[in-house]
Amino acid sequence: MTRGLKRSQTGISEEMIQTYGDAIFDISHNIQVRRGDPVRELNWDDIEKQRPGTGMSDAELAHRFGLTHDQVTYIRTIMERRRFKRESYHRLYDLGGGKRFRAERFTPHEERFEFSQNAIALRKALDFDPRVATQYLQDGSWNGDTVPTWLNKWADKTPDAVAVCGSGTKITYVEQRERSLRLANSLLALGIRKGDVVAVQLPNTPDFLTSYFAITMIGAVISTMHMPYRVGELEPLIDYANARAVICSEASEKYNAPEVMMELCERIDNLDNILVASGSAPSGTVSLHKLTSNGSADEIKEPPVASDPAVLCFTSGTSTSPKAVIHNYQTLLANNRIAGPIYNLTETDKVLGGPPFTHAFGICVINLTLMAGASSLLMPTFTPPSLIRLIEAEKPTILFVAPAHVAACHKEGLIEKSDLSSVRAATISGAVCAPEIAYLLDDALPNGTIGQMWGMTECFMGLHTPFNSPADIRCETLGQTTPTFEARLISDEGSVATSDEEGELEIRGCSVFAGYLNNDDANRAAFTGDGWFRTGDLAKRDDNGNYRITGRTKDVINRGGIKINPTDVEAVIDKHPAVFMSAIAPVKDKTYGEKCCVYIQLDNDSNITLKEICDWLEENNVTKMKWPEQLEIVKHMPMTPTRKVIKSSLGSA
């Protein structure tokens, strides 16, 4: 019963009505085709034949499409009003209400939960093309799965199976659910509600997974913050996300995270709670471990549905105009279900993910593991010896790494002399991988093979090399599109590129996001009129349909899988007294693929060193991972007539 409820109480936006309306209208019970009266005649054969035309109830539609019952009823009613002349059916709208009404089942409208304006804004960003959404809903690419439903499935089916392991820790699926429920109820007690954003800056630890599951259990939205980020990077992102709470690590010698977050709490209006992953917490913060221990393990009364926003990740946009990607559970999990068969994952697998969980790649690995009921093997921090020791001690069967992980281990002579016999499949992703690095790891796996995967925060896993492909395809290409996905290359002239012709990679598929949050300019640039997402990557496709990334159209530096946008760093360097103008561009690096080189045109007779530049950046709160690693002094910057630096000419400036 939705009459009288506001849209903010049902969590409905006009964008959601456009997205789901046609699909709901087409197969609703209210829009059905009957021939004769087989029910009255008890003609079972005719009943079965006509079943597809009788439509689905609101409850059935809610389960199938990942909406709440109220949302389906609301959208269906709106669509009927828009399609029909309501005055002709006014009695049908009111018939039977008094007979079916049960006071004990009714919650007064004024007592119903109401979404905040920030929560509604997140939902508005999920503005999918209705034709595309209808296709994904009807072909099953989108369904009612959520992260909590997957966790519940395995906690019920295999309660004693190990969900999380590493560093002497083993947590079963039933234990993980209980931990997450306790934290979830504690978050509710703090005032965190469905649709609120919770920022998380934690390494790959059990605390991250418990936080992730707890946040999703209450229908809140997790926004991941990379571990190297400091106040200069964190403030605009947390503010842009309108985060209600932050979960961070305890203070260390290198970084006092609680102090930084409390400082931000004073400057960001919406930020109310700082949760610290430790047994005790500084004054003004709350201990995450105490919340997890003391919270109730009761089931959450209003868990999320699949259409709810789930994660908010930031790409490499500038801090003055961040590019925030919002995924609901439909786009978040569809990719895992579709790509799962490529990995042949089962409950017996143990999955080691090298990428940080604060990256979309890391979140994808979490969900892929959870989908199969496998075990997550955690690596909180990476060093070549720690990675090799973890593999040899814990025996993972599935490995996800970036090229930089493999290159660093090889540089220290560890790959060739290590026991990697437990690994049956290793995926390299996160950056362009040199073929020699891929062959090196492939040769080091006596019982396994490597494959490559291409993905982005905006779409997750878009290209894959099958593990049963020949070595040259697996080691030298990214293979073909993930099942159900489409890809094309667009040349500089705007036409579809032919085989072996370079073009910008564009992609479509059921896990592609709807658009950047509150960033119309970025959305206009990112999508074509017919719904293709422009990735910004340049690629070639061979005659067999296998793709190779050849470069980027965007001004982004890819240092070992970490995407660095140099614009903000250049703005800081330009303020140095000795600098007239600066530009940062990539230079090739054997370990990381690329690293940052800063080209500087000096102010008059000034001089500057690389150390002085880095000291200046540190003073201005620029995270270390964005610092240049090479300096070149140029007499004059190569410029276009409109005074833009021609970065492709910097090497010869």
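This report describes the overall build of a predicted protein model and then some of its aromatic ring pairs.

## Overall build

The protein contains 25 helices and 25 strands. Its radius of gyration is 26 Å, close to the 26 Å that the globule rule gives for 653 residues, so the protein is as compact as a globular protein of that length. Along the principal axes, the C-alpha atoms fill a box of roughly 90 × 65 × 55 Å.

Of the 653 residues, 55% count as buried, and the accessible surface comes to about 29,300 Å², with 49% of that area belonging to carbon and sulfur atoms. Among contacts with a separation of 6 or more, 70% are made by residues 24 or more positions apart.

## Aromatic pairs

The structure holds 13 aromatic pairs. In one of them, the ring centres of Phe 128 and Trp 142 are 4.9 Å apart and the planes stand at 70°, so this pair is edge-to-face. Phe 128 sits in the loop between α9 and α10, while Trp 142 sits in the loop between α10 and α11, 14 residues apart; both residues are buried.

Tyr 240 and Phe 314 form another pair, with ring centres 6.2 Å apart and planes at 70°, so this pair is also edge-to-face. Because Tyr 240 lies in helix α14 and Phe 314 in strand β8, the pair ties together parts that are 74 residues apart in sequence. Tyr 240 counts as partly exposed at 22% relative accessibility, whereas Phe 314 is buried, with a relative accessible area of 11%.

## An aromatic cluster

Tyr 343, Phe 361, Phe 400 and Phe 467 form one aromatic cluster.

Note on methods:
Residues are numbered from 1 along each chain as its sequence is written. This is a predicted model: local features need pLDDT of at least 70, side-chain atom pairs count only at pLDDT 80 or more; totals for chains, interfaces and linings use all residues. Side-chain values use heavy atoms; hydrogens and water are left out. Helices (H or I, at least four residues) and strands (E, at least two) are DSSP runs, numbered from the N terminus. The radius of gyration is taken over C-alpha atoms; the globule rule is 2.2 Å times the number of residues to the power 0.38. Buried means under 20% relative accessible area, exposed over 50%, partly exposed in between (1.4 Å probe, protein chains only). Contact means heavy atoms within 4.5 Å. Accessible areas come from the Shrake-Rupley method with a 1.4 Å probe; for residues, only the protein chains shown count as cover. Rings of Phe, Tyr and Trp (its six-membered ring) pair if their centres lie within 6.5 Å; planes under 30 degrees apart count as stacked, over 60 as edge-to-face and the rest as tilted.
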